[in-house]
Amino acid sequence: MSDYPSAAPPPSPSPQPDVASKKKAWPWIAGGCGCVAVLALIVGALGLYWAGSKEVEKEIASGVQTFRSEVATTPEGLKQHYVPFAFEYPAHFKIIPDDSYFVRVEEQVNGVARKSFAVGYLSAPADVNTEALYEVFMEQVSTNLAERFTGFRELSQTPGTVAGVVARSMAWQAEERGTPEGDVPLFGRTILCRPLNSAKGATLVLVANPRDP
């Protein structure tokens, strides 16, 4: 089974950099989910990433399911970060147990993920400028991915919105080695979004294997 990374480094006891000085310590975390309001992610067949594909249209036509977060089903270590959110995903995707996220869903073939979508959380002081926050977080996302995958390369960063929340998206590629199908190229998108003046935001991770049609 493919084990995709959190969108940012997991919690660490070592201090993390301040956005302004990058020297003072301030707490932040990524790996579950956090949003002040309901985060309604109408993903469909992960259309945020693969929109326009005929295969995606077929997946939508085959049916979708709705995931709604609940405190009772949230991993114990993430309950302190719980907030409500919901999204739609293709009915044939499976929910993969993963205590690093509130939820992760995948389409798998022979135990290897073809497409994967996960909702994570991030937190930082509410008064930190959002754009500056994203800049620091994305640097750490890149560092984390480079440590986990061979040949990691950041492709681009673009602004956007998720459920009306200002976001930043990073497209990347890498390689996962030693899967049942051998070494597999990966194409990913990590999206950070945090409501204005909130200490919590959401981290979205989308990953695709090009062997998917």
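In which strand of the chain is confidence lowest, and in which is it highest? The pLDDT, the predictor's confidence in each residue on a scale from 0 to 100, is lowest in strand 2 (residues 39-41), with a mean of 42, and highest in strand 5 (residues 94-95), at 92. What you have here is a predicted model, in which local features need pLDDT of at least 70 and side-chain atom pairs count only at pLDDT 80 or more, while totals for chains, interfaces and linings use all residues. Residues are numbered from 1 along each chain as its sequence is written, and side-chain values use heavy atoms, with hydrogens and water left out. Over the chain the mean pLDDT is 74, and 71% of the residues reach 70 or more. For residues 1-51 the pLDDT stays under 50, and the model has 180 contacts beyond four places in sequence for them; a contact means heavy atoms within 4.5 Å.

Let us turn to the overall layout. The chain holds 3 helices and 11 strands, where helices (H or I, at least four residues) and strands (E, at least two) are DSSP runs numbered from the N terminus. Read from that end, the order of the elements is β-β-α-α-β-β-β-β-β-α-β-β-β-β. Of the contacts between residues at least 6 apart in sequence, 62% join residues at least 24 apart. Buried residues account for 51% of the 213 in the chain; buried means under 20% relative accessible area, exposed over 50%, and partly exposed in between, with a 1.4 Å probe and protein chains only. The chain exposes about 9,900 Å², of which carbon and sulfur atoms supply 53%. Accessible areas come from the Shrake-Rupley method with a 1.4 Å probe, and for residues only the protein chains shown count as cover.

What are its neighbours? Two strands pair if DSSP finds at least two bridges between them. Strand 6 (residues 103-109) runs antiparallel to strand 7, and 7 bridges join them; here glutamate 107 has lysine 115 as its bridge partner. The hairpin of these strands has 2 residues between them, and in it asparagine 110 takes a positive phi near 55°. Strand 7 also pairs with strand 11 (residues 200-208), in the antiparallel sense, over 9 bridges, and tyrosine 121 finds its bridge partner there in alanine 202.

Now for the charged side chains. Side chains of opposite charge can pair when their charged atoms come close. The whole structure has 6 salt bridges, each defined as a side-chain nitrogen of Lys or Arg within 4 Å of a carboxyl oxygen of Asp or Glu. Arginine 104 meets aspartate 98 at 2.5 Å, N to O, and meets glutamate 106 at 3.0 Å. These shared partners join Asp98, Arg104 and Glu106 into one network. Both aspartate 98 and arginine 104 are buried; the relative accessible area is 3% for arginine 104 and 0% for glutamate 106. Another salt bridge links lysine 79 and glutamate 76, with the closest N and O atoms 3.2 Å apart. In that pair lysine 79 is partly exposed, at 29% relative accessibility, and glutamate 76 is exposed, at 63%.

Rings of Phe, Tyr and Trp (its six-membered ring) pair if their centres lie within 6.5 Å, with planes under 30 degrees apart counted as stacked, over 60 as edge-to-face and the rest as tilted. The count by this rule is 9 aromatic pairs. In one of them, phenylalanine 152 and tryptophan 172 have ring centres 6.1 Å apart and planes at 50°, so the pair is tilted. Because phenylalanine 152 lies in strand 8 (residues 150-162) and tryptophan 172 in strand 9 (residues 165-179), the pair ties together parts that are 20 residues apart in sequence. Both residues are buried. Ring pairs also link Phe67, Phe85, Phe87, Tyr89, Phe102, Phe117 and Tyr121 into a cluster.

Finally, look at two loops. Alanine 163, in the loop between strand 8 and strand 9, has a positive phi of about 50° although it is not a glycine, and is partly exposed at 46% relative accessibility. Asparagine 197, in the loop between strand 10 (182-193) and strand 11, has a positive phi near 60° and is exposed at 59%.
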